[in-house]
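Visitor: I would like to learn how to read a few features of a structure. Please take one residue to begin with, then the ligands.

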Amino acid sequence: MAVHNDPEKCMLCGGCPAVCPARCIEVFETVLVVDEQKCTDCGNCIKICPVGAMSA
Ligand code: SF4
Ligand code: SF4
């Protein structure tokens, strides 16, 4: 399992990559990408996201 990003909600604020211990989130100008192979399901990105754009 890996987390999923809702592009309708995500503001590309850059908050979640900063708390990802697996360093598997990359935020580009128009899109956020999660490397699902590296995600450890720690839940940090879900907790920190101010708009609830990350879900398990
Ligand atoms: S659940 Fe944890 S490891 Fe997976 S993308 Fe979010 S912060 Fe990174
Ligand atoms: S913290 Fe939330 S709004 Fe910010 S880049 Fe991550 S998913 Fe998008």
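Guide: Start with Pro 21, which sits in the loop between helix H1 (15-19) and strand S2 (25-27). Helices (H or I, at least four residues) and strands (E, at least two) are DSSP runs, numbered from the N terminus. The model is predicted: local features need pLDDT of at least 70, side-chain atom pairs count only at pLDDT 80 or more, and totals for chains, interfaces and linings use all residues. Residues are numbered from 1 along each chain as its sequence is written, and chains are lettered from A and ligands numbered from 1 in the order in which they are written.

Visitor: Why does Pro 21 count as exposed?

Guide: A residue is buried if 20 or more other C-beta atoms, placed from the backbone, lie within 10 Å of its own, exposed if 12 or fewer, and partly exposed in between. Pro 21 counts as exposed because it has 8 C-beta neighbours inside 10 Å.

Visitor: Which residues is Pro 21 in contact with, leaving aside neighbours within four places in sequence?

Guide: Contact requires C-beta atoms, placed from the backbone, within 7 Å. Pro 21 is in contact with Cys 42 and Asn 44.

Visitor: Which residues come closest to ligand 1?

Guide: A residue is near a molecule if its C-beta atom, placed from the backbone, lies within 6 Å of it. Ligand 1 is surrounded by 14 residues, the closest being Cys 20, Cys 39, Cys 42, Asn 44 and Cys 45.

Visitor: And which come nearest to ligand 2?

Guide: Cys 10, Cys 13, Gly 15, Cys 16 and Cys 49 are the nearest of 15 residues.

Note on methods: Contact = placed C-beta atoms within 7 Å.
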